[in-house]
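Reader: I have the model open beside me and would like to go through it with you. Could we begin with the pockets?

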Amino acid sequence: MKYALIYCPKQSLSVSGKMKKQVEGLFKKKNLDYNLYVASKENPVNTLSIIAIAEGCRTLVIVGGDRSLNLAVNAVLSQPESLQKEINIGIIPYGVINSFSRFWGLNDVSVEDCVDFIARGSIRKIDAGCIHYINKDDERCHRHFLNCINIGLSAHITRVRHNTRSLLFSRKLSFLVSTIILIFQRSVYKMKFALNHETVDGNFMTICIGNCTGYGQTPSAVPYNGMLDVSAVTITQLSGMVMGFYLLLTGKFLKHRNVQPYRTRKIVFSEVQSNAVSVDGAMINTPKGEFTIDIQKEVINFIVPYRKN
């Protein structure tokens, strides 16, 4: 078996390649046959994933975060269905939040353990969500996700974080600054959506549609039950937002009185006032008009941790 080791360098002042050397050393120690690919603006993860597949690699190992993993997933699901079934995906956490990795407990183990999990190859079929939309250029598009889609405030935080990262030279610092900037705006957006034979029409601060925990906003979601969890947030008062962040950090987000939870296989948005939509932490071209988000069951072969004795 040939592995594709796709390394995603962090954009910060402290980039040294230390992580790449460590992972490569562990792959060599275990005598794993691999091709190394280093992502860049010119050669992003999705392009490298397609190249790796064409070169015969059937296990893609992403050394990166949620956005990098998302690009790999979309590359795999762009292949013919027969080929999709042959490809496995694993991850070694190397992002800012690493929400999907955290769900599997990978953030709490060593890099050596992550490589060991990949070498042992414990595979589980998992679900992927998908957004279907028309972009501003009237092109029909779709984008898969493993973690979540955010609409409104959370997506705006992502946008501002991307814009400030080049100035602050730190992903974590830019995330903190962008959150502080936007939390005091307390904007609400008119949204209308349909799910489970119900139509919801109202003003929301943010909506999260999660295939997984959604950075704590859909804490009960799991990527293997064929369902999406939806959290629609209507908080407008600063005191309520402070409580909301406390519940978010403590895993009790759904207990907030201004959070409306749903579980569904499909949700259709007919009106969204916000112009910010993020998919697994990456901005997409703003959907034009109606758009649909649904679930595709067991379409990804994901390498999961085994229980250590």
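Reader: Which residues line the second largest pocket?
Author: In this predicted model, the second largest pocket is lined by Asn46, Leu71, Asn74, Ala75, Leu77, Ser78, His142, Arg143 and His144. On a 1 Å grid over the protein atoms alone, a pocket is an open set of points where a 1.4 Å probe fits, with protein on both sides within 12 Å along at least five of seven lines, and lining residues have an atom within 4 Å of a point.

Reader: Which elements give two or more residues to that lining?
Author: Those are helix H3, which spans 66–76, and strand E6 (140–145). Helices (H or I, at least four residues) and strands (E, at least two) are DSSP runs, numbered from the N terminus.

Reader: And what volume does the second largest pocket have?
Author: The volume is about 180 Å³, counted as the space filled by probe spheres set on the grid points, which are joined across faces, edges and corners.

Reader: Before we go on, what should I know about the numbering and the cut-offs of the model?
Author: Residues are numbered from 1 along each chain as its sequence is written, and side-chain values use heavy atoms, with hydrogens and water left out. As the model is predicted, local features need pLDDT of at least 70 and side-chain atom pairs count only at pLDDT 80 or more, while totals for chains, interfaces and linings use all residues.

Reader: Fine. Changing topic, how many aromatic pairs are there?
Author: The structure holds 14 aromatic pairs, where rings of Phe, Tyr and Trp (its six-membered ring) pair if their centres lie within 6.5 Å, and planes under 30 degrees apart count as stacked, over 60 as edge-to-face and the rest as tilted. One of them joins Trp104 and Phe302, whose ring centres are 5.7 Å apart with the planes at 35 degrees, so this pair is tilted.

Reader: Where do Trp104 and Phe302 sit in the chain?
Author: Trp104 is in the loop between helix H5 (99–103) and helix H6 (111–120), whereas Phe302 belongs to strand E16 (residues 291–303), so the pair links parts of the chain that are 198 residues apart. Trp104 and Phe302 are both buried, a word that stands for under 20% relative accessible area with a 1.4 Å probe and protein chains only, whereas exposed means over 50% and partly exposed lies in between.

Reader: Which aromatic cluster do they belong to?
Author: Phe100, Phe103, Trp104, Tyr224 and Phe302 form one aromatic cluster. Tyr224 also has Arg124 lying over its face, at 3.9 Å from the ring centre; a charge sits over a ring if NZ of Lys or CZ of Arg is within 6 Å of the ring centre and within 35 degrees of the ring normal. Arg120 lies over the face of Tyr306 in turn, at 4.0 Å from the ring centre.

Reader: Back to H6, then: which of its residues are buried?
Author: Seven of the 10 residues of H6 are buried, namely Val111, Asp113, Cys114, Val115, Asp116, Phe117 and Ile118. What covers them includes strand E1, helix H1 (18–29), strand E3, strand E4 (88–93) and strand E16.

Reader: Last topic: which residues other than glycine have a positive phi?
Author: Among them are Asn196, with phi near 50 degrees, and His197, with phi of about 60 degrees. Most residues other than glycine have a negative phi.

Reader: Where are Asn196 and His197, and how exposed are they?
Author: Asn196 lies in the loop between strand E8 (189–195) and strand E9 (198–204), and His197 is in the loop between E8 and E9 as well. Asn196 is partly exposed at 43% relative accessibility, whereas His197 is exposed, with a relative accessible area of 89%.

Conventions. Contact = heavy atoms within 4.5 Å.
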